[in-house]
Amino acid sequence: MTAVILGGTFNPVHYGHLFIAEEVRLTYGYDAVIFLPANSPVHKDPTPILPPAHRLAMLRRAVEGIREFIVAESEIKRGGPSYSIDSVDEIVQRFSIDGKPGFLIGDDLVEGFPTWKNAEKLADMVDLFVARRTMAEPLQLEYPHRVVPNTILPISSSEIRRRISQGRTARFLLPDAVLEYIKVHKLYG
């Protein structure tokens, strides 16, 4: 199986995540996308991030029934800070990935990528892809990579959290099953 890895906090997962995952999968011919929710993201303020169990449950609901989308709990099970370099080898072994896995980051992470733990080794282990999230032209990255010619969907988890906290609708920004989970568990209010 060939696969591309998409890590993140998924706080909450939304259609922007799902759409870019599918676009990369189809554009570059991968069999699957492996979603890798972070336990404790190192490069984000942990204060507004829900506990991993909620984020994992929402992600599972979002991809339910989509056989090409797989959720890996590697970082959550390992606990502690989440470093992508620590997860790639484990994912390759666990899922018997053929060749180098793809590794997808958004253009919002390009500037900080060189500060990631063993960034150079990580870039050698994977085929690195940069998706356009907010900019028509992505920032330059010093490591070998491909820029994804994706449609930009300006949906963000922070905007969804803000809308929900203000009592505004978030319907059609994320899957109904995720929105229902948020309502049932009274999240982001």
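Tutor: Rings of Phe, Tyr and Trp, the last by its six-membered ring, count as a pair if their centres lie within 6.5 Å. The model discussed here is predicted.

Student: How many aromatic pairs does the structure hold?

Tutor: The structure holds seven aromatic pairs. One of them joins Phe103 and Trp116, with ring centres 6.3 Å apart and planes at 80°.

Student: Why is the pair of Phe103 and Trp116 edge-to-face?

Tutor: Planes over 60 degrees apart count as edge-to-face, and the planes of Phe103 and Trp116 stand at 80°, so this pair falls in that class.

Student: Where in the chain do Phe103 and Trp116 lie?

Tutor: Phe103 belongs to strand β6, whereas Trp116 lies in the loop between β6 and α5. The two residues are 13 apart, and their pair links distant parts of the chain.

Student: Are Phe103 and Trp116 buried or exposed?

Tutor: Both Phe103 and Trp116 are buried. For Trp116 the relative accessibility is 14%, and buried means under 20%, so Trp116 qualifies.

Student: What sort of pair do Phe113 and Trp116 form?

Tutor: Phe113 and Trp116 form a tilted pair, at 4.7 Å centre to centre and with 50° between the planes. Phe113 has 0% relative accessibility and therefore counts as buried.

Student: Which residues do ring pairs link into a cluster?

Tutor: The cluster consists of Phe103, Phe113, Trp116 and Tyr143, linked by ring pairs.

Student: And what sits over the ring of Tyr83?

Tutor: The charged end of Lys117 does, at 4.8 Å from the centre of the Tyr83 ring.

Student: Changing topic: where does Asp108 lie?

Tutor: Asp108 is in the loop between β6 (102-106) and α5 (119-125). With a relative accessible area of 42%, Asp108 is partly exposed.

Student: What does the side chain of Asp108 make a polar contact with?

Tutor: Its partner is the side chain of Arg133, at 2.8 Å. Asp108 and Arg133 are 25 residues apart in sequence, and their C-alpha atoms are 7.1 Å apart in space.

Student: Now helix α1: what should its 14 residues span?

Tutor: At 1.5 Å a residue, helix α1 (residues 15-28) should span 20 Å, and its end C-alpha atoms are 20 Å apart, which agrees.

Student: Which residues of α1 are buried?

Tutor: The buried residues of α1 are Gly16, His17, Leu18, Ile20, Ala21, Glu23, Val24 and Arg25. In general, an α-helix has 3.6 residues a turn, so residues three or four places apart point the same way.

Student: What comes just after α1?

Tutor: Gly29 follows, and it takes a positive phi of about 75°.

Note on methods: Residues numbered from 1 in each chain as written. Predicted model: local features only at pLDDT ≥ 70, side-chain atom pairs only at ≥ 80, totals over all residues. Heavy atoms only, no water. Helix = DSSP H or I, 4+ residues; strand = E, 2+ residues; numbered from the N terminus. Buried < 20%, exposed > 50% of the residue type's maximum accessible area, 1.4 Å probe, protein only. Polar contact = N/O pair within 3.5 Å; in protein donor to acceptor, adjacent residues only side chain to side chain. Expected span 1.5 Å × (residues − 1). Phe/Tyr/Trp six-rings, centres within 6.5 Å; stacked < 30°, edge-to-face > 60°. Lys NZ or Arg CZ within 6 Å of the ring centre and 35° of its normal.
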